[in-house]
Amino acid sequence: MYLKTLQLHNFRNYSDLEVQFGPGINVLLGENAQGKTNLLESIYFLALTRSHRTSNDHDLINWKAKEALVKGEVQKDLSATPLEISLTSKGKKAKVNHIEQSKLSSYIGQLNVILFAPEDLSIVKGAPAVRRRFIDMEFGQMSPKYLYNLAQYRAVLKQRNLYLKQLQMKQKADEVFLDVLSDQLAAHGAEIIFQRIAFLEKLEKWSQGVHHEIAQGKEELTFQYVSPLTSKQVDSVETIYAALQELFQKQRSKEIQQGRTLVGPHLDDVQFRVNGKNVSTFGSQGQQRTTALSAKLAEIDLMKEETGEYPILLLDDVLSELDDSRQTHLLTAIQNKVQTFITTTSLSGVAQQLINEPNVFNIQHGILESTEEE
């Protein structure tokens with residue numbers, strides 16, 4: 001899988017852009033605030049119908065315009081698929097092969113991407129919400145079922161929290177409806193937790209090989225899903241569902257008192273361990289970065305295993321955050337394997353030595369110019 005063409009109209013600082021990319025490594029060169037990250041954001045948006053930088057879609061529209069358009073052609077094996085997302089004040093519409101999709105969830109998965117930016121190093125040392133988002137965004141591209149349950153869970157959670165707040169304020173008194181909402185939340189939550197654990201087991205397998213190589217065989221990386229449930233309670237969707245129902249019953253009075261849902265996958269976490277120790281708490285900065293890099297590189301092979309296609313890799317100014325050793329492992333791992341977009345202010349050092357025949361584009365004030373890299 002690779003992105004052959006990209007067209008932008010009034011997206012961020014790009015008034016009009018039409019560009020062709022190569023299936024290998026595409027380097028986007030330019031000073032800061034010229035539009036390098038905006039271009040990567042448009043590819044991410046084309047894949048996932050949302051930005052990784054803002055939750056307000058209106059921010060994506062050029063300040064001089066009222067609507068934006070992102071189009072691309074994705075090559076898979078022998079066929080090319082046109083994708084399109086239009087964005088207006090009324091919302092967004094997504095098309096596959098020029099056919100509008102009734103739901104955005106049915107669109108996602110046409111173009112799979114993995115984004116690695118400096119802030120992704122916080123996957124290891126950041127808050128639990130960062131790790132949950134990491135799982136949800138990546139696994140959601142691989143599994144429509146997971147994406148569906150996640151959307152349903154969030155909708156029911158919002159409704160349940162509102163009802164708990166109404167019970168707290170004595171605006172409602174009927175707890176039977178709370179039982180209904182708890183049942184729905186447990187059903188979708190059980191599916192999410194079961195798939196998360198399965199996903200992490202597979203990601204751990206691929207990550208261990210990468211981490212073992214970077215750490216020169218001195219460290220073993222393991223993942224652990226952290227929730228109030230015991231290992232026996234996560235054997236199946238059914239056991240997780242029953243356990244969540246039980247937790248909701250136990251927490252009922254406290255949840256009504258606080259006006260919010262206190263248990264469920266929206267509060268769970270992932271723990272990364274090196275040689276049995278929590279890297280977030282006890283790991284050095286080097287170990288934390290190696291763990292984050294291992295998990296990101298492992299996603300490439302896992303996505304190939306799950307979907308049959310390698311994803312597109314977006315590296316947003318991440319090379320400057322890695323030392324020569326980690327740069328070498330990253331660039332060696334992706335060479336001749338996945339289409340990659342790299343943003344940087346300069347292509348030098350290890351990167352210049354290891355990247356074979358890159359397609360180089362200079363970016364200045366939202367204008368791209370292809371150049372021959374010497």
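Strand S1 (residues 2–11) and S2 run antiparallel and are joined by six bridges; strands here are DSSP runs of E with at least two residues, helices are runs of H or I with at least four residues, and both are numbered from the N terminus. Leucine 8 has leucine 17 in S2 opposite it. This is a predicted model, in which local features need pLDDT of at least 70 and side-chain atom pairs count only at pLDDT 80 or more, while totals for chains, interfaces and linings use all residues. Residues are numbered from 1 along each chain as its sequence is written, and side-chain values use heavy atoms, with hydrogens and water left out.

S1 and S2 belong to an open sheet of six strands with antiparallel pairing, in the order S2-S1-S4-S5-S6-S7; strands pair if DSSP finds at least two bridges between them. Strand S2 (14–20) and strand S7 (99–100) form the edges, each pairing on one side only. Helix H1 (residues 36–48) packs on this sheet and touches S1, S2, strand S4 (68–76), strand S5 (79–88) and strand S6 (91–96), contact being heavy atoms within 4.5 Å. The direction of H1 makes about 110 degrees with that of S1; axes are lines fitted to C-alpha atoms, for helices over the stretch in contact, and angles run from 0 to 180 degrees between N-to-C directions.

## Three-stranded sheet

A further open sheet has three strands in the order S9-S10-S11, also with antiparallel pairing. Strand S9 (221–226) and strand S11 (277–278) are at the edges with a single partner strand each, so one side of each has no neighbour in the sheet. Two bridges link strand S10 (residues 269–274) to S11, and valine 274 has lysine 277 in S11 as its bridge partner. H6 packs on the sheet, touching S9 and S10, and its direction makes about 165 degrees with that of S9.

## Nonpolar cores

The largest nonpolar core has 72 residues, and Ile193, Phe199, Leu315, Leu330 and Ile334 have the most contacts inside it. Such a core is a set of buried Ala, Val, Leu, Ile, Met, Phe, Trp, Tyr and Cys residues joined through side-chain atoms within 4.5 Å, where buried means under 20% relative accessible area with a 1.4 Å probe, protein chains only. Helix H6 (residues 176–214) supplies the largest share of this core, 13 residues. Apart from this core lies another, of 42 residues, including Val19, Phe21, Leu87 and Leu147.

## Helix packing

Helix H5 (residues 144–168) and helix H7 (residues 237–258) pack at about 65 degrees, with axes 7 Å apart.

Definitions and conventions: Buried < 20%, exposed > 50% of the residue type's maximum accessible area, 1.4 Å probe, protein only.
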